[in-house]
Amino acid sequence: MSVDAGPRGASEPILRLRGIQKSFGPVHVLKGVDFEARSGEVTALVGDNGAGKSTLVKCIGGTYAIDEGEYIFDGRPAHVQSPRAASALGIEIVYQDLALCDNLDIVENMFLGREEVVGAARTLDEAKMELMAGQTLASLSVRTVKSVRQKVSSLSGGQRQTVAIAKAVLWNSKLVILDEPTAALGVAQTAQVLDLVRRLADQGLAVVLISHNMNDVLQVSDSIAALYLGQMAAQVRRSEVTHTQIVELITAGRSGDLGLTSSVASAVEGNGAQA
Amino acid sequence: MSTIGNETPQLRQGEEQPFQPREMNAVEYGRDYVQRLRGGEMGAVPGLIGLVVLVILFAILQSGFLSAYNVENMVIDGAPTIIMAMGLVFVLLLGEIDLSAGTASGLCAVLAAVLLVRHQVNWVVAVFAAGLLGVVIGASIGWLRAKVGIPSFVITLAAFLSFQGVTVIMVGGSGSILVTDHTLVALESASISDYMPIWAGWLMLAIVVLGYAVVKFRTLSKRRAAGLSTEPNSIALIKIAALAALGAVFIYYMGINRIITHTFLTSNQTSEGVPWIVPLMLILLFALTFLLGRTRYGRHVYAVGGNDEAARRAGIRVDMVRISVFVICSFLAALSGLVQLSSQAGVNSAQGGGNTLLLAVGAAVIGGTSLFGGRGRVIDAVIGGVVVEVISYGMSDLISGSNGPGWQQIITGIVLLVAAGFDAVSRRAGLSRQ
């Protein structure tokens, strides 16, 4: 299995997974997955339905505990057993079904569960939160929302996605995982969100982008990791592959020299069919 | 709205400050406010408009409607409904319902009455016991809802029925228990001398207005110091002045002697001053508004009501929030029951039954609390409760004869339907602006 060295050669990936195994009862979902994500890069995670993308992300985010394998974050082995532990490391996940409350405004959503309080009575520090939220959105050059005190119910799909991403960035996170951020968006809003994704990476964050849309993946990613039936078919540089090669990695697990060797691929396929 | 092609290079220069902090002037503030109303954030506005219309209507149609005597009676009769509605706001914020609040209030009041009359305990102990029973009832309902997973409609329907039965058994054969404890009864004033002194009423108003002004200007100056956009001073002053003016009219009104017909028994007596229930309701209003609006807990209540999955992912203990709102609701129901006990100077075997609960739910919804969850404030309970009471008093004198109570219920029902309609329509207006 080929894992690319990255453009900065020596730079250590912020997240490195080795041989991750995860089963749910008899169903073996992740079969020794290797994966890495680097700061300042967009790493696309692609794969067909059921390839294990969601499971892998939930393992990274601490929703599921891994059965076996190495989880190295920022050069140190980490034991991520809960979403809280992942947040503490600086890992934030923006889920597909946007975890936003419609009835709250942008500031309230961004600080949900982590509200700033002030004084002995521990009252909410609205001014501080509003200021920080405004600064975060400004740092991401978000100019599409009129006021940070707008209710989320009044925002468009793209704006909601923007708020969800800004919420993840607010907490000095190092790795942001975006689960299908453009799935429900129109053309203009997709461009807007991809723009933001690129900007996050340019600011030095490690971004993992899960997407079914090959155009999105090819447009913004630096590195592409293709999962095939619970195994990492290949993680390659964006510049070294074509659209066709990625599609082959996703659908067959291999493409020419890339990917799983044919025997492994068919063995995996056999297992997959049994499961 | 959508701007694409934000070329990355020029974005870093800091020249584009998306949220330019600015001082709004009164006109801009008004425009902003109207926009928020149209966006579905109507809040208490329909309730307030309805209240003004109804008061004007009844004042024209009925000569004694705005007499000091009538107004005082509305306050006293409305108090139990308003206090119960304050609790229901918390439950409704989560999109839940508590059908048992009425009979729970009756049960708690009966417990207090039994302790006072049959066991001769001090009124403090009786009140404490009633409050504790409310907390236990709320915790049980909340636990069944959050941990066992029974819909709150079913749990509280079951509780509604069985509490009625317990009340009947506890009150026993005679069908009623008379309570003569002076302190408890004075709350809603059965005797004409049990009101706040006139000076105390004005002092209370001064504290409320000053407190409001201090909170308002501290918030404003803090936001200005942080460079955030603020409400203009003129608007803040208008709000404070409006509160002071309305309060002054009320206190003045309550200072008028309410004994109109002088018999030889009452010729040298006066009945004047604010009922003691008013400061109690103000304290509840202040404390609960603070809890919902200024604390993390309150924020979490709104979050769970808006999207419980999002709240769970944000690390909020959704189950605890869910249990807590039922505890608050049943505790306030117990208080409401004690207030009702005070105004009746006793309890009967149907205590808290009938449409006690429905009027309280109606009050919360008319005031602007959404039945869909996620939207509502404690003040809604007060506004809606006053509307319900105004209708009840206005109609009772307007339509005389045996059909009077029937019409009163019909009108209250229609108002509730209109309020719920506002709620549903404004919710859609908010969602369609995407």
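These are my notes on chain B as a whole and on two helix pairs, one in chain A and one in chain B.

The model is predicted, so I took local features only at pLDDT of at least 70 and side-chain atom pairs only at pLDDT 80 or more, while totals for chains, interfaces and linings use all residues. Residues are numbered from 1 along each chain as its sequence is written, chains are lettered from A in the order in which they are written, and side-chain values use heavy atoms, without hydrogens and water.

**Chain B.** I looked up the secondary structure and found 17 helices and 2 strands (DSSP runs, H or I of at least four residues for helices, E of at least two for strands, numbered from the N terminus). Of the 434 residues, 47% are buried (under 20% relative accessible area, 1.4 Å probe, protein chains only).

**α5(A) and α6(A).** I checked residues 157–169 against residues 187–202 of chain A: the axes (lines fitted to C-alpha atoms over the stretch in contact) come within 9 Å and cross at roughly 15°. The two are therefore roughly parallel (angles under 35 degrees). Contacts (heavy atoms within 4.5 Å) involve A:Ile165 and A:Val169 of α5(A) and A:Leu196 and A:Leu200 of α6(A), among others.

**α9(B) and α11(B).** I then took residues 198–225 and 277–294 of chain B, which pack at about 15° with axes 11 Å apart. These helices are therefore roughly parallel to each other. The contact includes B:Met204 and B:Val208 of α9(B) and B:Leu282 and B:Arg294 of α11(B). It divides into 6 nonpolar, 1 polar and 1 charged residue.

Key
Buried < 20%, exposed > 50% of the residue type's maximum accessible area, 1.4 Å probe, protein only. Axes fitted to C-alpha atoms, helices over the stretch in contact; angles between N-to-C directions. Parallel < 35°, antiparallel > 145°, perpendicular 65-115°, else oblique. Nonpolar A, V, L, I, M, F, W, Y, C, P; charged D, E, K, R; others polar.
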